[in-house]
Structures are given as structure tokens and as C-alpha cells.
Amino acid sequence: MNVSSQTWIVVADDPAVTALVVAARALSAEVTAVVAGRRATAESVAAAGVDRVLWLGEPAEGTPVEAYAPDVARTVADGAPRAVLGSSDGAGRVMLGAIAALLQAPVLSGVIAVEHDGDQIGVTRSVFGGVAERRDLVTGGPAIIALAGGDVGDPSGAAVPVEEVTANPLTTGRLTGVRKKEKAPVNLGAARTVVAVGRGLKAKADLALITGLADAIGGELACSRPLAEGVDWIPKERNVGISGQQIAPELYVAIGISGQLQHMVGVRDAGVIVAVNSDKAALIFKQCDYGIVGDLYTVVPALTAALAPKP
Amino acid sequence: MDFGLTDEQELLLDSLRELLERECPESYIAELDRTHQAPTSFRLALHEAGFASLGFPEEYGGTPCDAVTLMMLTERVSQQGLNNGYGIELLQAKDILEFGSQEQKADILGLLAAGAVPFALGFTEPGAGSDNSAMTTTAVHRDGTVTFNGTKTLITNALDAKYLLVMAKSSDGDDERTAISMYLVPMDAPGVSTNKLEKIVWNTNDSCEIFMDDVTVPDSCLVGRQGNGFRQLMRNLDLERLVIAATCLGLAQCAFDDAATYASQRVQFGKPIGSFQLIQLKLTDMAIKLENIRNFVYKTSWMVDQGIPLRSQGALCKRYAAMAAFEVADDAMQIFGGIGVNAGTRVSRLWRDLRGHRFGGGTDEIMVHIAGRQIIREHR
Amino acid sequence: MTIVVAYKWAPNPQDAAVGSDGSVDFSRAKSAISEYDPVAFELARQVAEATGAEVVGVTVGDASIDTSLARKAALSRGLDRLVIVADDRLAGADSTRLAAVLAAVVRGIGDVDLVLAGESSVDVTEGQVAMTLAGQLGWLGLNAVSSVSATDGGYAIERDVPSGTASMVLTGPAVLAATTDAVLSRVPGMKDILGAAKKPVEVLSLDMLDVSSAQVTLTAVSASRPAAGNRQRVIIDGSDPTAAAAELVGALRAAKVL
């Protein structure tokens with residue numbers, strides 16, 4: 001399949017696109033965005049540093065953005081870019097899936113680096129949950145790439161026109177309401193220090209110990225997967241690992257976390273990693289800068305006390 | 001000889017492991033032991049997953065199952081650290097299945113399928129323990145009713161159960177064995193009173209004295225034939241011994257794993273104590289005993305499944321399992337040292353609970369009595 | 001009315017042997033129902049218990065996924081029957097390939113209302129196959145689904161969205177990927193496990209399926225183990241918590257992260 005020299009980004013009603021734009025610019029001089037969702041999103045994207053915005057029109061009341069996936073796919077196929085980037089969260093996966101099905105191309109995830117040599121795209125990915133890395137060349141058509149979305153800085157660029165194109169969204173699903181969450185949003189990615197807790201914590205009531213340390217150290221609270229679901233002690237947004245947040249704080253303190261691969265992949269790029277665990281054979285002790293082998297129920301209070309400002 | 005697991009056994013053990021993780025963690029068992037409560041919520045969870053009606057015909061809501069698989073499940077529950085957590089009630093209900101009337105079967109098996117304790121075994125009396133036929137509780141039949149008078153003691157799970165399976169003297173015949181009959185007596189029948197006994201073992205099973213003072217119930221409470229009580233009871237004793245042996249196996253395995261882990265982590269004189277030969281000797285001999293108990297339990301279960309008469313096998317298995325398992329727990333206690341004797345520790349609970357199995361379900365010495373005579377008989 | 005559960009029989013990468021050349025060897029690892037799939041089985045079962053729908057399990061992969069244990073493990077989770085494609089030509093297949101085969105199977109089953117799947121697989125962990133399957137079928141694809149129930153003329157679902165929980169009504173076929181904690185999946189019970197051997201299993205040949213062929217492929221260039229990370233691995237004995245805390249805080253201050 002012949003591809004152009006462009007890189008496209010797909011947007012599913014989430015205006016925080018600077019991460020995708022930056023990645024796209026590294027691949028091509030020309031970046032087109034195809035946007036499904038409200039006009040306001042399209043206008044926001046139009047000022048985020050892309051060269052062209054194709055917008056699939058204002059969704060009728062109750063139409064979910066995922067209903068536009070086939071239209072997104074068709075529009076991308078017509079454009080035949082060398083690469084198309086989308087968010088690995090939420091509806092981004094749906095859009096990328098539709099594109100992949102239409103183009104019969106793989107979606108590349110766990111991407112560490114992307115580079116191009118002319119129209120040929122090379123991708124380095126973390127595979128099998130992070131146990132290995134591999135580099136592949138994409139041949140025969142566009143590289144479809146899932147990346148962490150969100151904003152990595154302020155959007156900048158002269159606003160380009162929003163070009164509306166006709167769309168024929170699926171009608172098999174209708175939104176009937178949204179029940180808003182009570183909690184304030186969490187931005188773990190921006191925190192300088194993060195204190196995470198895992199299965200070593202025996203009871204929900206013991207969380208006070210950990211939040212006490214987080215306060216004393218000036219850090220955000222996070223957790224490994226089991227505490228965010230199943231046990232449900234900590235909101236999902238605070239889950240760090242392959243199925244949650246991937247963060248790179250300056251200091252990461254892991255309390256009662258064994259150091260399983262699926263979790264550690266989430267903090268691979270942290271500055272300094274500290275671990276507290278009672279099992280001296282725990283995997284995490286091979287993946288930290290400083291490790292205390294001890295009972296978190298005595299070590300954490302001692303740490304909190306040691307961090308308190310001296311009178 | 002295939003020592004591997006079938007697909008079904010693997011899947012059953014996987015499910016059981018998941019269930020135990022969710023519904024029966026150590027903190028739960030420790031709390032029950034401390035407060036002398038029964039594992040009701042775990043029992044219900046087992047029932048919901050269908051484990052409570054194993055080994056029974058489908059027409060009574062059960063799922064037929066072989067003895068080897070049943071013992072694997074019993075072992076696994078015990079290995080969690082829970083004593084008498086599985087197997088005993090199911091097996092007791094077999095008595096009813098074989099000898100009971102249609103109404104009795106439906107009633108008891110329905111209770112089992114609902115996750116309840118259908119009955120407690122009411123055999124032991126103050127003057128009749130190992131010498132069971134020295135019992136003095138009487139059952140007088142008159143005008144379509146039976147009247148019970150007597151005292152039973154050290155009865156397990158009676159306070160939780162709907163019925164008492166009473167063994168009582170129903171006639172004055174010379175042969176004590178033909179004078180005993182088996183009855184299902186409701187625990188809430190007028191004249192039945194109880195006195196809870198405080199014991200130091202098996203805290204999750206209540207133990208009590210039961211006083212029957214002119215307890216009169218319809219004679220439909222008779223199980224099987226009058227005068228046939230003793231023979232009916234003997235029928236399933238071997239299976240009971242097997243369940244006890246499998247329980248001992250699981251509890252001992254738990255104690256062993258705890259002790260071995262502790263030995264690898266506890267540092268004294270600059271090294272883990274597991275690097276000292278005297279500790280290694282204990283652990284090695286414990287491992288050998290566990291292997292022996294395991295082979296004994298599963299060979300005996302296999303014999304049951306093949307329909308091979310057990311003869312003395314059940315008694316040999318129970319005696320060895322209970323004694324060797326206790327030795328394993330005792331060595332585990334020694335390895336733990338001062339920590340083991342703290343109240344609330346798992347190893348101290350396992351040690352206490354295993355001690356009980358050396359007389360529960362037939363004493364070590366009665367097992368010799370049973371097996372010894374049988375051995376001589378076979379070699380005549 | 002048919003509900004399909006698309007699941008995976010796969011090993012955990014933690015159990016794989018990774019060579020210094022980045023090769024990943026799963027031969028010693030034990031496969032099982034993928035860790036996040038049980039929730040899809042449970043959701044399907046709950047809907048079927050309410051509606052009487054047939055629940056069909058579908059799985060595709062290399063030849064090793066078709067074993068007696070694998071079949072029973074799936075059938076013991078509330079399936080009425082199972083359809084498998086097990087062909088070594090699918091070894092290492094990417095998400096689009098797997099989705100194409102799954103789509104061919106689903107089309108062959110016919111009259112399917114819903115395809116339910118887990119959030120992601122335990123071994124690949126991309127969270128992509130289900131949504132690409134939606135694309136292959138031309139159906140609505142929705143992820144982060146936390147609840148599914150039957151309603152007049154369709155299904156009512158709930159999904160996690162950034163602002164909260166969105167409710168939706170489905171009036172046509174869809175592929176739904178469930179969150180791992182959407183519902184607590186029941187432990188396969190006795191009757192389910194012992195009855196699994198009696199349920200029907202159909203093994204379909206890859207050659208007999210109408211599967212779109214891949215247009216874009218990947219050419220492997222190199223592989224490696226992840227960089228060890230050059231962590232310092234300074235281990236402090238925590239048996240005296242106060243001393244350990246003092247040592248750590250001192251080191252962190254010296255490293256200027258505190």
C-alpha cells in the first residue's frame with residue numbers, strides 16, 4: 001500500500017492531544033488530525049500545532065464517540081498516512097481498532113521509540129508485559145501506534161480551519177446519562193514524589209500509615225493493581241503499572257510491593273526507587289536504589305517520624 | 001501408577017484455592033479459634049460453590065465423587081489451617097443415605113445441600129468412650145413413640161446442628177451389640193438440654209454434654225432397623241478414619257511449611273537456623289512423615305474407590321496419620337521456639353488441633369486393638 | 001440469542017525464560033485462563049441466567065491452546081459450548097490477526113448479540129484485540145464496561161469514563177471489553193467442573209474460515225532484555241526501624257531527592 005509522508009492523529013473527543021502532536025511532529029512535517037466528537041474539541045485540536053483538522057461533525061444527542069470509529073477508519077484509509085497515532089486509553093483503542101481492521105494492520109502498543117527512514121517506520125516496543133523489548137520495521141502500509149495521550153505542555157500553534165466531513169455513525173448504542181465521580185482528579189504523572197502501597201498492607205484502615213508518610217514526604221499516593229481493584233481501597237487512577245499509570249517521578253517509594261513486572265514497568269523511568277518489604281527475597285530489591293528489609297508497620301512510622309521537621 | 005491429577009481434580013483444587021483465598025484467610029481462622037466460633041460463612045461459601053453436596057447421588061442434590069478426589073479437597077482445606085473444615089459432615093450423612101427412610105434422607109441431605117450442619121454424632125457418654133457399648137442411654141419404644149433418657153458427652157457440633165444422631169440401648173438383650181439402635185433426635189425436642197464444654201483443642205467446633213430427660217419423639221426417628229445400630233455405625237467408620245487422616249495430613253503440611261519458612265528466615269548466631277543440622281534433621285524427618293501420610297491416605301482412598309475391602313487399612317491409616325501428623329506439628333513448635341507458644345499463632349493452633357485427632361474418631365490405642373486382632377485373624 | 005465470550009488460554013510472562021538476546025521462551029510456563037478473562041465469563045453468565053441466552057466460548061491461538069484441561073477450564077465457567085481454532089500458523093499472531101480469526105468464527109456462529117471480553121490478556125497486555133474485533137465485525141466497540149444487563153429490545157450497560165460512569169443502551173450487536181472489577185466472578189463450582197467434560201466442543205480449521213489476510217506486517221530487526229536499570233540496590237536492615245529510617249533519609253537527602 002502506498003503511503004504519503006504525513007502522520008495523522010486520531011482524536012476521540014479528548015482535547016488533550018499535545019503528547020500525540022509532539023510524537024507526530026517527530027515523524028512528519030505534515031500532521032493531520034481526524035477528530036470525532038464535539039466542535040469545541042475540534043477547535044481545540046486545531047490550535048494544538050497540527051496542519052489540518054478533519055472533523056466528523058457534531059454528534060447527535062446520545063451518540064457515543066465510539067460510534068464514529070468506522071468513519072475515522074475510512075477517513076484515515078483515504079489519507080493513507082505513513083503513520084497514525086492514537087491514545088492508548090479509552091476510546092482511542094476503539095478508533096485504532098477500527099483503523100487496524102480496515103487496513104488489516106497491527107496496532108503497535110507499549111511503544112518506547114519510533115523513528116523513520118524515509119517512509120519506512122521502525123518501532124521499538126516493550127513486549128509480553130515488559131519482559132523483553134523488540135524493534136520491528138513496519139512494511140506494507142501505515143504504522144498504527146497507540147501512545148499515552150494527554151498534554152505534555154501547553155498547546156501551541158496557529159489555529160487552522162476545522163474542515164467538517166460527512167459521517168455516518170453507528171446507531172446501535174445510545175448514551176443515556178453520566179453519573180459524575182465525587183473524587184477530585186489525580187495527576188500522578190505530574191507528581192515529583194510518589195508513595196505507593198501494595199498487598200503488604202493488611203487492612204484498609206492501615207492506609208492512614210501510608211498517607212501519613214505521603215504527607216510527610218510531600219508525595220502523591222499510588223498503589224499496585226490489587227489495591228485498586230478487587231480490594232478497592234484506592235481509586236483506580238492511582239494504580240501504577242502496565243494496566244494503569246506509567247510515571248517517572250524523581251522519587252518513588254514502594255511500600256509492601258513485591259516488585260512484579262507488571263507493576264515495575266510503570267516506574268521504570270523513576271529517578272530514585274525506594275522499597276520497603278518484609279521479604280528479603282522480594283523481586284523489588286533487585287530493582288530499587290534503596291531497600292529496607294523490614295515490617296512496614298514499624299518502618300513506615302519510623303520513616304514518617306524521621307521526615308518530620310525538627311523542632 | 002499415575003500419581004498425577006486428572007483435569008477435574010486440577011480444576012477443583014484451583015477453585016478451592018480461590019475460594020479459600022477469598023473466604024478463609026488465616027486472619028479469619030485465627031479469629032474463629034480465638035472466639036470459639038464455627039466457620040459458618042466459609043461453610044456457606046463452600047455450599048454455594050457446590051462443594052457441600054459432593055459424594056452424594058444426584059437425586060438428593062448431590063454430585064457423585066470418588067474418595068481420592070474427596071480426600072484431596074479435605075487435605076487442601078486443612079492445609080489452609082482450618083481443622084475439620086471439610087469432609088466430616090458429608091461422610092456422616094452417608095449413614096442416613098444407606099439406612100435412613102426416604103423422609104430422613106430428604107431432610108438430612110437437604111440440610112447438607114443448604115450448607116447447614118445436619119446432625120452431630122451422639123455416641124460418647126461419661127462412662128462409654130472407647131468402650132462404646134457400655135453406654136447406658138435408653139430408648140424405650142411405646143405406642144408409636146420413643147423415649148430417651150441418658151447423658152452424652154464430648155459431642156462435637158451439637159450446638160450448630162439440627163439433629164443428634166443418638167446411639168441408645170433399645171432393648172435389654174444380653175448381647176450389647178444387638179441392643180443398640182440409631183436414632184435422629186431433634187436438638188430442640190423438649191427434654192434435651194446442653195452444657196457447653198470449654199476445651200483447648202478444636203475451638204471452631206463446639207463440644208458439649210447433652211442431657212436427655214424423658215425426651216419423647218415419634219418412632220419415625222429410628223434410623224434403619226431396631227437393634228442394628230452398632231452394625232450400621234461400623235459401616236462408615238473406615239471412611240470417617242480416612243477423612244480424619246486427610247485432615248491431619250493437611251494440617252501437618254501447613255505446620256511444616258510454616259516451620260521451614262521460619263527456619264529459612266530466622267537468623268541466630270549470624271545464620272538462618274535452617275542452616276544448622278539439628279533443624280535440618282527435624283525438617284527432613286517431617287518431610288518423610290508427610291510423604292508417608294500422603295501415600296497412606298491416597299492408597300486407602302484408592303482401595304475405597306476400587307471396592308477393595310479395607311480390613312485393617314482404615315485403622316492403620318488413621319493411627320499413623322494422627323500420630324505422625326502430631327509429631328510434625330510438635331517439631332514445628334520446637335523450630336518456632338518461644339514464638340510458637342504465643343496465643344494466636346498458627347503453629348500453636350495446629351499443634352493443639354492435631355493433638356485432638358489422636359483420640360477423636362477412635363484413639364491411637366483402639367486403632368491397635370482393631371488392627372492387631374485383624375492381623376492375627378488374617379494370618380491364622 | 002447468543003452471547004460469545006472471547007477469551008485467551010495463555011501463560012504469565014513472569015514464568016517465561018527471557019534470553020539475553022531478548023528471546024522469550026514460554027515452554028516451561030503453565031497456561032491458564034487469562035487472568036482478566038473470568039469477569040467476561042461471569043458477565044455473560046449473569047445475562048444468560050436472566051435471559052436464557054446461549055453462551056458460547058471462543059478462543060483462537062496456536063495448537064497448544066487445545067488441551068483437555070484448557071477445554072474444561074473454559075467450559076466450567078458457564079459456557080454452553082466452546083469453539084476453538086488452534087493452529088500453529090497463529091503462533092505470535094498480532095492483535096489484528098487474532099481479531100480477524102475471531103471475527104470469522106463469530107460470523108460463523110451467527111445470531112450473536114454480544115461479544116464479551118476481558119480488559120487485556122495476561123501475556124500480551126495490550127487491551128486491543130476486542131476493539132479490533134469490533135472493527136473487523138463492523139460493530140460498535142466499547143471498553144471499560146462495568147455492568148451489562150438485558151433490557152427491552154437490547155442491553156443496558158455502564159462504562160467507566162474519565163468524568164464518572166456513563167450509562168448506555170445497546171440496540172444492536174456490540175463487542176464489550178469489561179473492566180477487571182466489573183463483577184466478582186464466581187469460583188467454578190463442583191457441578192460446573194464435573195459437568196464440563198460433557199459439553200460440546202467444536203474445533204474449526206483455519207483453512208475453512210474466511211479470514212481477511214494481513215496487509216501490513218512487521219519485520220523483526222532486533223530484540224533485547226529491558227535495560228537492568230542500573231539501580232544501586234543498597235539494602236538496609238529494617239529490624240531497627242529508627243536506625244533504618246535515619247539511614248535512608250540521610251541517603252535520600254544526600255542524593256537531593258528529599
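Two strands count as paired if DSSP finds at least two bridges between them, and strands (E, at least two residues) and helices (H or I, at least four residues) are DSSP runs numbered from the N terminus. This is a predicted model, in which local features need pLDDT of at least 70 and side-chain atom pairs count only at pLDDT 80 or more, while totals for chains, interfaces and linings use all residues. Residues are numbered from 1 along each chain as its sequence is written, with chains lettered from A and ligands numbered from 1 in the order in which they are written.

**View 1. A strand of chain A pairs with a strand of chain C.** Here β16(A) lines up with β15 (residues 234–237) of chain C in the parallel sense, over four bridges. Look for A:Gly291, which sits opposite C:Ile235 in β15(C).

**View 2. Where chains A and C touch.** Contact here means that the C-beta atoms of two residues, placed from the backbone, lie within 7 Å. On that basis, 81 residues of chain A meet 79 residues of chain C. Several elements of chain A give at least two residues each to this side, among them α3 (69–79), α4 (91–103), β7 (120–127) and α8 (296–307). Sorted by class, chain A's side has 40 nonpolar, 24 polar and 17 charged residues. (Ala, Val, Leu, Ile, Met, Phe, Trp, Tyr, Cys and Pro count as nonpolar, Asp, Glu, Lys and Arg as charged, and the others, Gly among them, as polar.) Of the two pairs of chains in contact, A and C share the most contacts. Chains A and B, on the other hand, do not touch, and their nearest C-alpha atoms are 9 Å apart.

**View 3. An open sheet in chain A.** Seven strands with parallel pairing make up this sheet, in the order β5-β9-β4-β1-β2-β3-β10. At the edges stand β5 (107–108) and β10 (162–164) of chain A, each with a single partner strand, so one side of each has no neighbour in the sheet. Within the sheet, β2 (residues 31–36) and β3 (residues 52–55) of chain A run parallel, joined by four bridges.

**View 4. Two helices of chain B side by side.** The axes of α9 (residues 237–265) and α11 (residues 313–336) of chain B come within 8 Å and cross at roughly 20°. (Axes are lines fitted to C-alpha atoms, for helices over the stretch in contact, and angles run from 0 to 180 degrees between N-to-C directions.) α9(B) and α11(B) are therefore roughly parallel, a label for angles under 35 degrees. The residues of their contact divide into 22 nonpolar, one polar and four charged.

Definitions and conventions
Angles under 35 degrees count as roughly parallel, over 145 as roughly antiparallel, 65 to 115 as roughly perpendicular and the rest as oblique.
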